Amino acid sequence: MTAFWCLAPIMVIAALGLVFARKAVHAALCLAVVMISLAVLYAAQGAPFLFAVQIIVYTGAIMMLFLFVLMLVGVDSSDAVKETIGGQRLAAAIIGLIFGVTVVLAVGQTVSGVVVGLKAANGNGNPYGLSELLFGKYVLAFEFTSALLITAALGAMVLAHKERLTTRHSQADISARRMREYAESGRHPGPLPAPGVFARHNAVDTPALLPDGSPLESSISDSLVARGQVRDGFEDDIDKVVEQLDDDEQGLGGEK
Amino acid sequence: MILSILAATPIAGALLLALLPREAAPHHRAKYVALGVSLITLVLSLVVMAKFDQDAGGYQLTEKHEWIKVFGAYYSLGVNGIGITLILLTTILTPIVILAAFGDRLPDPKSTNAYFAWMLAVEGLAIGAFAATDAFLFYVLFEATLIPLYFLIGSFGGPNRSYAAVKFLIYNLVGGLLMLASIVGLYVISARQGDASFLLSDLQNLDFSTNTERLLFLGFMAAFAIKAPLWPLHTWLPDAAGQATPGTSVLMVSVIDKIGTFGMIRWCLGLFPGASDWASPVVIVLAVISILYGALLAVGQDDIRRLIAFTSVSHFGFIILGIFAFTTTSLAGSTLYMFNHGLSTAALFLVTGMMIARRGSARISDFGGVQKIAPIMSGVLLVAGLSSLSLPGLAPFISEFLVLAGTFTRSIPAAAFATLGIVLAALYILIMYQRVMTGPLKPGNEGVSDLDHREMASLTPAIILIVGLGFFPQPLLNVINPAIDDVISHVGKGDPAPKTPVNIDDSAAQEGGHE
Amino acid sequence: MNEYITLSLILFTIGCVGVLVRRNAIVVFMCIELMLNATNLAFVSFSRQNGNLDGQVAAFFVMVVAAAEVVVGLSIIVSIYRARRSASVDEASLLKS
Amino acid sequence: MFDLQWLLIAIPLASGLGLLVWGKEGDRFGHLIGTVASALSFLFGVVLFASLLGKDGEDRSQSTKLFTWIDAGSFHVDMGFTFDQLSGLFVLLITGVGTLIHVYSIGYMAHDERRRRFFAFLNIFIAAMLTLVLASDYLVLFLGWEGVGLASYLLIGFWQHKDSAAAAAKKAFVVNRVGDLGMALGIMLMFTEFGTSSIHAVNGAITGASGSVATALGLLLLLGACGKSAQVPLQSWLLDAMEGPTPVSALIHAATMVTAGVYLVVRSNGIFDASEAARTAVIVVGLVTLLAGAWIGCAKDDIKKALAGSTMSQIGYMMLAAGLGPAGYAFAIFHLITHGFFKANMFLGAGSVMHGMNDDVEMRHYGGLRTFMPITFATFGLGYLAIIGVPPFAGFWSKDKIIEAAFGQNVWVGLGALLGAGVTAFYMTRLMIMTFFSEKRWREEVHPHESPRVMTWPLIGLAALSAVGGILLVSDWISEWLEPITGHAEHEELAIPAIVLTLIITVVVLIGVAAAVFFYNREPIAAETPADSSVSIFARAGRHELYGNELNDAVVVRPTRHLTRFLVWFDGKGVDGFVTGVADRLGDTSQFLRKPQTGYVRSYALTMFGGVAVLVLALLAVTLA
């Protein structure tokens with residue numbers, strides 16, 4: 001019981017964190033906390049095999065998958081605080097509250113009777129008992145899940161496979177297009193500016209500065225902008241740079 | 001077994017057509033395959049007719065297999081005189097329709113296969129519905145006929161065809177659902193009184209409480225009244241007939257709608273004689289209204305196809321009147337009427353269809369003086385029209401007169417008002433004929449050529465039957481009579497006896513003495 | 001025993017609310033995972049309550065199916081993102097009348 | 001031999017149908033085949049009639065059953081025919097006059113490209129008319145009844161390219177249908193009452209039925225008769241029917257078909273004998289039509305319409321006679337036959353005149369034709385003398401007997417009939433003067449000429465019959481001949497001797513002739529029809545056919561048209577409007593329910609979640625309760 005009382009508050013807090021975290025990465029971490037705690041609870045309840053599976057499959061595989069996709073997809077405005085559907089949050093909160101209170105008070109308290117415990121069932125060891133069930137009573141369901149997994153894997157491949165709808169642009173095409181755009185709209189045909197120019201840092205999250213000190217958005221990767229990971233606080237950078245240059249000049253001049 | 005084969009032949013033909021490669025005009029193997037299949041079906045139906053014992057009465061050529069055991073549904077077929085008459089009508093009309101439809105211009109020229117396949121499907125399903133002696137089987141087939149007709153109307157009709165098709169479908173589905181409710185009710189009662197069974201013979205032995213019987217009757221009657229169609233449930237018919245191709249209209253009005261009136265005899269009168277008797281005053285009034293209303297509306301139409309549809313509303317009024325008058329005379333008349341109306345309406349729809357296809361318009365006011373350039377067409381239209389107005393010497397007269405005479409013995413006002421219909425019939429047919437065919441040739445009609453050999457070949461059998469049955473209806477009546485006696489004795493309403501009976505033998509002997 | 005079930009229900013409820021409130025498809029997915037995990041906890045608890053391993057087997061199957069679901073779901077999200085440059089569930093509202 | 005009487009019908013029917021089906025190759029011989037078929041039927045009729053003469057009185061009704069026509073339920077009708085004294089006379093009249101008119105038509109229709117079809121229709125008419133008179137069952141009679149109606153429809157509208165002809169044909173058919181309503185209901189009543197519609201059985205059993213049944217039957221059959229015989233109130237179609245070719249007017253709308261109503265009444269004598277009221281109705285109808293027809297005949301300038309008015313009037317005489325009961329049946333038939341002769345004769349004569357006048361029917365454009373068309377004039381003149389009742393021509397004998405019988409019934413009826421005789425003389429004299437006497441008022445480019453011999457010979461034949469038709473009355477032969485059918489009538493003694501009455505009639509006729517001569521021979525006749533405003537109110541009413549069409553329009557046609565228009569509106573907006581209204585309301589409801597379907601998955605999920613919450617609450621409530 002100690003494990004439970006230790007872990008239960010953590011799990012609830014982590015779960016709430018999942019709901020309230022601004023950033024998806026934080027939410028994923030919260031979820032991982034819940035899952036690992038769950039694994040411990042499984043172990044505490046006589047399910048060592050599930051403990052292992054939970055750690056390996058969920059926390060290991062599935063969470064990794066989530067994180068990978070997060071990296072791939074990036075973070076965008078969908079995580080904005082503003083709710084788009086009117087009343088959705090309030091309604092969700094109220095209904096959730098009603099539902100939660102009802103089930104917790106009514107359903108959650110109805111389990112009664114003696115706890116049998118798994119001593120007998122786990123007599124030959126928990127994996128042994130499980131495997132007997134899996135390959136005996138539930139073998140058909142087991143086979144079906146294997147089919148399901150294969151299908152899911154194939155499905156994922158099909159979905160993730162990007163079909164090329166247009167012919168691939170050759171380098172000549174691209175340069176021709178750039179020149180045409182330049183002629184038509186005056187768009188700069190050369191490469192985008194590099195980040196960090198004239199800035200006080202030269203990391204990729206630092207925009208290059210124009211001579212008047214304003215940051216140049218196009219010098220930073222779109223993903224960083226979308227994730228809001230652009231370094232800020234560079235308004236007075238240009239002054240500092242100028243100051244520094246002046247200092248250097250002075251220093252140099254002094255040397256002269 | 002022969003009935004199953006008979007019903008399966010056109011269905012098989014339809015599947016065959018579906019498998020044939022789609023071809024564009026004019027290489028239409030599909031047409032000839034369809035015609036061939038329908039002719040084979042006709043021959044088979046004649047074999048059935050030959051096997052049918054006319055004097056025996058009752059259901060013959062029966063076959064029965066368990067189908068869905070839990071429901072007590074059987075695959076059970078059998079024909080009596082009424083069923084076989086209508087099967088014959090179906091098998092006679094289908095080749096005529098198919099031959100006449102050779103020249104139909106379809107929206108998609110490559111859809112010929114589908115067009116004829118659906119037609120054959122209608123034939124097969126209709127034969128099945130006429131032969132089913134299991135309520136559940138009948139219900140399934142009754143509803144299944146909607147599918148091919150929906151596609152026939154919706155895919156091959158005029159510009160407003162999808163509206164008409166949807167209207168047709170929804171109307172009939174509503175009726176079908178009400179009937180389904182009654183079917184379920186029948187199951188419940190049947191299961192409560194022993195083993196569940198949908199066999200007609202078993203259902204007839206059920207005991208109903210008065211109210212249950214009436215409710216179940218109403219479910220069936222609603223479906224049939226929509227199908228038939230009875231005023232005020234008729235409005236789908238003019239729309240559907242106004243948009244469908246002539247062949248589709250014939251199959252719909254002459255064959256499929258007959259399932260409605262046929263169902264009234266076999267299922268309403270057969271299962272719920274008490275409730276039928278209870279409802280008969282209302283039904284008779286509605287039927288008389290149908291007769292007069294349909295006729296008056298036909299007078300007021302400018303679209304030829306809608307006109308014919310309204311004449312059918314009127315004629316169906318006669319058929320229903322005869323059924324619910326509960327006399328052997330009127331009921332025999334109604335059954336014969338179903339056959340005759342099928343023929344005469346088919347002739348009317350087909351010949352006007354040919355006319356409309358040539359003129360490119362269905363409006364009566366666009367025609368005029370066609371007789372001069374298309375005398376044969378005008379003659380056929382006149383004969384078909386005269387049969388529709390029940391001219392003595394043509395088949396529909398006999399049936400109409402039988403209906404009226406039988407009704408007269410039951411209710412003089414109903415018969416008297418219904419007889420007004422014959423005056424109105426003269427009006428709508430002759431006004432139409434006058435405006436379309438006579439007078440000086442109206443500009444725009446120059447392109448209306450006379451019938452060609454194929455068209456004549458398709459119409460001639462109908463015309464010959466219309467004239468022939470006008471003088472010799474007895475071969476059909478002999479088949480119908482025993483079945484009618486069965487129905488009337490089941491309903492338990494004998495014919496009212498003549499008030500001043502004449503001993504016919506005496507007078508015949510007196511007259512015959514001089515021979 | 002009841003406290004396990006209660007915890008499971010609380011987690012489930014939180015997962016539900018999360019599905020309703022969050023707009024990022026990936027987070028919504030995580031909330032669904034949370035709900036599944038909550039049920040798993042209940043399964044395991046019931047297994048102990050009843051003294052047989054069927055509940056654990058059920059939890060096992062849930063995990064397997066969840067794995068399959070995540071794989072497919074995430075790839076759907078990826079392809080939607082590719083098409084729309086967004087992973088918001090509100091963007092995919094073509095179902096509206 | 002009488003078993004073969006169906007051949008009478010079959011020959012012209014086969015010929016008619018054959019001619020219709022036969023293609024263009026038949027054009028060369030079609031008319032001859034048609035004529036021969038009619039003649040064959042006539043010859044066979046003569047043979048049958050002759051063998052009937054050789055039999056005893058009781059044996060003269062020869063029935064034969066061809067086959068069972070309808071046997072359904074309790075309804076049984078045999079396709080049976082009866083050749084007896086009455087139908088025998090009719091067979092001779094129909095086929096005899098019919099054959100003459102066939103011959104005449106060969107010439108009259110010589111230049112019509114559709115002559116073959118004309119003869120086909122004529123043959124069909126003969127067949128149908130024979131069916132009508134030979135039928136031994138009312139339903140078979142009805143078959144013939146409608147058959148002649150069809151033939152009449154086809155022949156009135158034979159020149160379909162004329163709108164007026166097509167309209168007249170339709171009108172004739174529709175008005176006749178109103179009469180058929182009566183016939184049909186009558187047959188139904190017979191079936192209900194007696195269980196059979198055999199003519200013999202019904203007329204025999206009628207005495208056993210209640211009087212109201214007999215009256216009802218009588219009135220219903222009278223309605224049928226009114227339709228077919230153009231009696232008031234269903235008279236309006238006959239004048240329009242003159243749109244048909246003239247031989248048609250002669251055969252169908254003068255000699256045979258229009259008299260079918262009289263035949264029906266006489267044939268149903270059992271029914272009419274059993275009901276005083278029905279007989280009175282027949283008399284009233286006959287009398288009214290008699291006078292109305294004569295009135296119209298006086299006012300019309302169209303030679304065929306004047307003759308048609310006369311036909312109405314003469315059939316009124318027959319109806320009147322038939323309404324008198326056993327005293328009048330034989331005379332009704334007698335007048336019917338003589339009328340068949342002289343009226344066919346005059347119609348054909350009128351056709352001959354038109355033939356010479358470029359198909360002009362306007363009498364005001366005729367005049368002085370006697371020298372140009374001597375044969376036509378002579379034959380027409382004989383017909384004229386016969387119709388106005390100059391002794392010893394046929395019409396004198398028959399009309400005299402009817403007026404005498406009418407006086408026997410009721411003085412007022414007799415006076416009406418007498419007045420009719422005077423008016424008849426007036427308008428027929430007017431017609432004669434305007435056509436054959438007086439000065440020429442021809443249009444330009446008209447060269448009157450005598451018709452070819454194929455047309456004049458039938459005229460001569462009919463004229464001869466008109467002249468000697470009265471021979472049938474010799475020693476009351478016709479009364480005795482028909483007695484087995486019509487029943488014996490006690491000869492009523494009139495207040496004045498018959499010979500005095502005959503004299504009075506003759507004087508009245510002479511007054512009518514004198515009046516016409518006085519009015520029309522004194523001053524030249526205008527070549528143009530005077531305007532309505534310049535003629536007396538009587539003439540105006542006559543010209544407008546006593547406003548029968550206007551009455552029909554106001555009472556029947558216009559209300560029906562309005563009703564139809566209303567119903568079309570009602571069907572669209574009311575019946576269908578209700579149905580589509582239900583559909584529309586359902587659509588509106590869906591529109592409303594559609595609103596919450598925002599497309600946002602999350603709001604759907606919220607709803608679902610809410611639903612689960614409610615479910616749990618409900619379960620809880622149930623458990624607690």
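This is a predicted model: local features need pLDDT of at least 70, side-chain atom pairs count only at pLDDT 80 or more; totals for chains, interfaces and linings use all residues.
Is Gly421(B) buried or exposed? Gly421(B) is buried, because 27 other C-beta atoms lie within 10 Å.

Residues are numbered from 1 along each chain as its sequence is written, while chains are lettered from A and ligands numbered from 1 in the order in which they are written.

Back to Gly421(B). This glycine sits in helix H18 (residues 412-437) of chain B. Helices (H or I, at least four residues) and strands (E, at least two) are DSSP runs, numbered from the N terminus. Which residues does Gly421(B) touch, leaving aside its neighbours within four places in sequence? They are Ile291(B), Leu292(B), Ala295(B) and Ser314(B). Contact here means that the C-beta atoms of two residues, placed from the backbone, lie within 7 Å. Take Ile291(B): in sequence, 130 residues separate Ile291(B) from Gly421(B). In space, their C-alpha atoms are 6.1 Å apart.

Now set a residue of chain D beside this. Leu619(D) belongs to helix H24 (residues 601-624) of chain D. Leu619(D) counts as partly exposed, because it has 13 C-beta neighbours inside 10 Å. Leu619(D) and Pro233(D) are 386 residues apart in sequence. From C-alpha to C-alpha, Leu619(D) and Pro233(D) are 82 Å apart.

Stay with chain D as a whole. Chain D holds 24 helices and 2 strands. Along the principal axes, its C-alpha atoms fill a box of roughly 120 × 65 × 55 Å. Chain D has 625 residues, and 60% of them count as buried. Look at its contacts with a separation of 6 or more: 82% of them join residues 24 or more positions apart.

Return to chain B and its helices. Helix H16 spans residues 375-388. The expected span of a helix is 1.5 Å times one less than its number of residues. H16(B) is mostly covered, with 10 of its 14 residues buried. Among the buried residues are Met377(B), Val380(B), Leu381(B) and Ala384(B). After H16(B) comes Ser390(B), whose phi is positive, near 60 degrees.

Helix H6 (residues 146-156) of chain B also has buried residues: Pro148(B), Leu149(B), Leu152(B), Ile153(B), Gly154(B) and Phe156(B). What covers them? The cover includes helix H4 (112-131), helix H7 (161-192), helix H10 (236-243) and helix H11 (246-271) of chain B.

Next, watch two helices cross. The axes of helix H17 (residues 395-410) and helix H19 (residues 453-471) of chain B come within 6 Å and cross at roughly 45 degrees. Axes are lines fitted to C-alpha atoms, for helices over the stretch in contact, and angles run from 0 to 180 degrees between N-to-C directions. Angles under 35 degrees count as roughly parallel, over 145 as roughly antiparallel, 65 to 115 as roughly perpendicular and the rest as oblique. H17(B) and H19(B) are therefore oblique to each other. At the contact, Ala395(B), Phe397(B) and Ile398(B) of H17(B) meet Ile466(B), Leu469(B) and Gly470(B) of H19(B). These residues divide into 5 nonpolar, 1 polar and no charged. Ala, Val, Leu, Ile, Met, Phe, Trp, Tyr, Cys and Pro count as nonpolar, Asp, Glu, Lys and Arg as charged, and the others, Gly among them, as polar.

Turn to chain A. It has 9 helices and 2 strands. Along the sequence, the pattern is α-α-α-α-α-α-α-β-β-α-α. Of its 256 residues, 24% are buried.

Finally, see how the chains meet. Chain A puts in 71 residues and chain C 61 residues. H3(A) gives the most to chain A's side, with 12 residues. That side divides into 54 nonpolar, 13 polar and 4 charged residues. Chains A and B do not touch; their nearest C-alpha atoms are 29 Å apart. Chains B and C do not touch either, with nearest C-alpha atoms 22 Å apart.

Conventions
A residue is buried if 20 or more other C-beta atoms lie within 10 Å of its own, exposed if 12 or fewer, and partly exposed in between; C-beta atoms are placed from the backbone.
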